[in-house]
Amino acid sequence: MSVAELPGSRLDDWWARMQDTEAKRRAWRWGGPAVVTAVAAATRLIGLGHPDSLVFDETYYVKDAYTLSQLGYEGSWPADPNPAFNAGEVSGFLPEASFVAHPPLGKWIIAGGMAVFGADDPVGWRISVAIVGILLVVLTMGVAHLLFARPLLTVIAGGLLAIDGNAIVLSRVALLDTMLAFFALLGVLLVFLDRRFAKRRLAAHIEAHGTTGWGPVLFWRPWLLAAAVAFGLATGVKWSGAYFLAIFGVYVVVAELLLRRQAGIEFWATGGILKQAPVTFLLLVPLAAATYLTTWIGWFVTDGGYHRRWIEGGGEAWTGPLSWVPTAFQNWWHYEAAVYSYHVGETSPHGYQSNPLTWLFLVRPTSMYYQGLSNGNVETILDIPNPLIWWAATAATFYLVVRVVLRLRRRESVVTEALILTGLAAGYLPWLLYLHRTVFSFYTIAFEPYLILALTAAIGMLLGTARDPEPRRVVGIRSVGIFLGFCVALSLFFLPVWTALSIPDWFFRIHLWLPTWL
């Protein structure tokens, strides 16, 4: 064997010596993610109480969360309540209900932080979202572990999300989108576990009964039931969680069809579509809907919520076959219809609105806070991802699409790529139906974990393994090391504009690489 054909590199040899016992390997498997989690905690918790005033849409969600905890529904406020609220005078809300555009769960979670730290403490406003943001990093590492089964890639996936600006900013302000991302990703992880569970069950059936006929109907699917709950919770934060339920419902059906075909079941298509698919629907959708409905329990058990007494106040009750439906449910349905009308008709212009067609290319970030100081410095919270991570992840996503097409033509497995791209599709593609709406680039946090996983998959391919020839392996290690080093350096460069640190105005402006970033 020539020198060029020798596998691995000196770094691989050193790493093998460092990992020569099970205890050392276990320390790496747990220690690496622990360090990433510590980084995520530091970037999300340090200085969380600054600014000590409501920023951007916190003006809605924080005050709604507080009245939700006090009234059981979102109450209204008098004109210009923010100065008093910022000063700690939080009791000025009114008992009249407020029309709100999103379900209650995210605001209940925000209210939990205020219950612990106090509604007069900015840390209390944001701590729950920050904790969820840290857990989102942990969960991303969990999914990476299942997909790649390589501890280094697990650490890279979590590390990239831990230091990315979009994920940092959306974990440091009390908005809903990080909670949506968390519950949706939890559902995706559970779907992946269900696929492995279903594969084992199918193999056991074939071993016992053979491949003739339509194949079994799998009723007991604990991971799928758990996924239904997770997707229901995601929808209970924002309605866009329902897209994850719908698209991953289709994913589950298609994955089952492929499993049956690969197992050699005689009537794999008809059995999968006519027998298993209806059962899969019944396992997913009703439980997700019931979970979503439970997030509204405060509205149902109180009398003052918006439209809670709509029929009693003169609204038209349902007649005919639906007349038996309880009045409370009819009132709630009317409220939901009003919310839907608001969402599809929301076109009010906003200075930082962003067309979804541009999201993957980082054209228009969202400025959430800007304050000029008397010394000439500025403080800003600019919700912009780490540009290198974001653009590289976008390129990796397009590469995965091409890779899937090529591998399918060769009838090769695309399990990892399919899960990542399905998650990205669920979080991103539905927004292309609403190009006329007023939307913002920070909605991308819902699908950012899948962008990070796509980038991690590409990094894994570039990195290679210790079995690769030494020249190829060395190039891969050096390329990945240089890339990750630049990612860390760029995050340190952008960190002040993500966290409202006091910086000179000129320093802020050198972060504005495109005219549309201002």
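User: How many aromatic pairs does this structure hold?

Analyst: There are 42 aromatic pairs in the structure, which is a predicted model.

User: Where do Phe56 and Phe440 sit in the chain?

Analyst: Phe56 is in the loop between helix H2 (22–45) and helix H3 (58–71), while Phe440 belongs to the loop between helix H16 (415–428) and helix H17 (448–463). The pair links distant parts of the chain, 384 residues apart.

User: What makes Phe56 count as buried? And what about Phe440?

Analyst: Buried means under 20% relative accessible area. Phe56 has 18% and Phe440 has 8%, so each one qualifies.

User: Nice! What makes Trp77 and Phe93 an edge-to-face pair?

Analyst: Their ring centres are 5.8 Å apart and their planes stand at 70 degrees, which is why the pair is edge-to-face. Trp77 lies in the loop between strand E1 (75–76) and helix H4 (82–86), and Phe93 in the loop between H4 and strand E2 (94–97). Trp77 is also buried, at 16% relative accessible area.

User: Which ring does the charged end of Arg261 sit over?

Analyst: That is the ring of Trp268, with the charged end 5.7 Å from its centre. Likewise, Arg308 lies over the face of Trp299, at 5.2 Å from the ring centre. Trp299 also belongs to an aromatic cluster whose members include Phe99, Tyr292 and Trp296.

Key: Residues are numbered from 1 along each chain as its sequence is written. This is a predicted model: local features need pLDDT of at least 70, side-chain atom pairs count only at pLDDT 80 or more; totals for chains, interfaces and linings use all residues. Side-chain values use heavy atoms; hydrogens and water are left out. Rings of Phe, Tyr and Trp (its six-membered ring) pair if their centres lie within 6.5 Å; planes under 30 degrees apart count as stacked, over 60 as edge-to-face and the rest as tilted. Helices (H or I, at least four residues) and strands (E, at least two) are DSSP runs, numbered from the N terminus. Buried means under 20% relative accessible area, exposed over 50%, partly exposed in between (1.4 Å probe, protein chains only). A charge sits over a ring if NZ of Lys or CZ of Arg is within 6 Å of the ring centre and within 35 degrees of the ring normal.
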